[in-house]
Amino acid sequence: MILPCRIHRAGSRNRVNSLPLALLLATCFLAPIGEAVSQDAIGSAADAAGVGWLPAVPIQITAGVDTGYNDNVTLQPSGEGSIFTRENLVLTYSRPGERTQFFVMGVGRFSQYFDVSGQNETAGNVTLSLTHNFSSRLSFYASVYGTYQNQPNFQSNVGPENVVSPFFDTVDIFALTYHWSSRLSLVTSYTFERVQYFSSSNGNSQNGVQNTLAQNRIQNTFSEEFQFGLTSRTVLVGEYRFEAVDYDTVPTNNSRTNSILAGVNHHLTEHLIVHVRGGESFRSLENEGTTASPYFEGTLGYVSSNHSLNWMSSYGYESPTATGATTTKTWRTGLNLTYDLTSRLSSTTGVYYHHDENTGGTGSTGTQDTFDLTLGLRYTINKRFTLHADYNHTTLGSLGTTPGYSRNSYSAGLSYTY
């Protein structure tokens, strides 16, 4: 298990510390869903907030409002466009320490579409991260992330991406690390995920929209990882994972997956880190026996004084989201880049792509491609006020009788921190 660098994928348990993930997803309160924002954007809570009367309480509250235009609100081949406004509220609390580090962030987002009825959205998410060092040998890590939203998630394997429908998703990670010696460590982890939709579809069944209730499931993953420090910059890794997926209404899609992986964590330079895992996965379905597939995951992270880059890629089994498919193999990749153009002006870029290979069952089979791009600019007026402008483009390919779509969204707004 890679801690903390992992790709957020529900199917293969390619999990990471969900704090950086949530900072990429949840801090998009200033932009449409999918925008990538670096962890540096949160900053030191007390300093960034400028709350002089709370010197000992690391709390930051940010409120914002933005307006823009979305040319395909309903995510259909010939979707309807609308002007929208969005209000955002973010609360963060951070308490670093030598033995115990604690972080929590709550995000609320309220969107109104003026030209298309029934599409207004109330969404929110909560992120909690805790690290505690019991001793120099033993440490505990916990990460809890929960979100409620209507818009599909293009960065992970949650559900169908052509449906606007309310759903809840939580990803909770618990890991215990024990250092047997200066070179050998053991990481034992457990990951829980719950996906739950609250309505069957968005009402456009003539366009082949699937029953989203069929996506409701519980996923449990157990991992045992051995790490050996080959040099001061290189760590060799061997890992075993077991994943159990149980669906609420489609028991034929229940699966058990065993993965045997080997890899390396390597510091190429002081600022550049590479994590790579590869091996074989064996998945058993209730009515289709056992199949095998190669598995790969990798991350590359770079952080400097004025910019950061995080690139992630993986290939392997994921939970199927196509109607009737029982097996999905996905190649997924994503890149996030933040760059400070000046002391006041910064830019963000997020690019996500995945290719699905759907087989089995009596429903949709074949391949499907998804591409999502976000661009953003931030201008800091002073410690409290920040202007922003954002652009988001999404393209979803067709699959069988289910058509694809494209979407563009433009927005700009102002945020206030106190």
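**Aromatic rings**

Begin by selecting Y178, which is partly exposed with a relative accessible area of 30%; buried means under 20% relative accessible area, exposed over 50%, and partly exposed in between, with a 1.4 Å probe and protein chains only. The model is a predicted one: local features need pLDDT of at least 70, side-chain atom pairs count only at pLDDT 80 or more, and totals for chains, interfaces and linings use all residues. Residues are numbered from 1 along each chain as its sequence is written, and side-chain values use heavy atoms, with hydrogens and water left out.

A search of the whole structure finds 10 aromatic pairs. Rings of Phe, Tyr and Trp (its six-membered ring) pair if their centres lie within 6.5 Å; planes under 30 degrees apart count as stacked, over 60 as edge-to-face and the rest as tilted.

Next, select Y391 and Y410. Their ring centres are 5.2 Å apart and their planes stand at 40°, so this pair is tilted. Y391 lies in strand 17 (residues 385-396) and Y410 in strand 18 (residues 405-417), so the pair ties together parts that are 19 residues apart in sequence. Helices (H or I, at least four residues) and strands (E, at least two) are DSSP runs, numbered from the N terminus. Y391 counts as partly exposed at 24% relative accessibility, and Y410 is partly exposed at 42%. Then select F385, Y416 and Y418, which form one aromatic cluster.

Colour the chain by secondary structure; the protein chain has two helices and 18 strands. Select strand 1 (residues 59-70) and strand 2 (residues 82-95), which run antiparallel and are joined by 12 bridges. Two strands pair if DSSP finds at least two bridges between them. Within this pairing, Y69 stands opposite I83 in strand 2.

Which side chain meets that of R86 in a salt bridge? The partner is D66, at 3.3 Å from N to O. A salt bridge is a side-chain nitrogen of Lys or Arg within 4 Å of a carboxyl oxygen of Asp or Glu. D66 lies in strand 1 and R86 in strand 2, so the pair ties together parts that are 20 residues apart in sequence. Both residues, D66 and R86, are buried.

**Further salt bridges**

The structure holds nine salt bridges. Select R277 and E225, whose closest N and O atoms are 3.9 Å apart. This pair links distant parts of the chain: R277 is in strand 11 (residues 272-285) and E225 in strand 8 (residues 217-229), 52 residues apart. R277 is buried, with a relative accessible area of 1%, and E225 is buried at 0%.

Move to R241 and E239, whose side chains meet in a salt bridge of 2.7 Å, N to O. R241 is buried at 4% relative accessible area, and E239 also counts as buried at 4%. Salt bridges that share partners join E239, R241 and E297 into one network.

**Strands 12 and 13**

Finally, select strand 12 (residues 289-303) and strand 13 (residues 307-318), which run antiparallel and are joined by eight bridges. The bridge partner of E297 in strand 13 is S314. A hairpin joins strand 12 to strand 13 through three residues.
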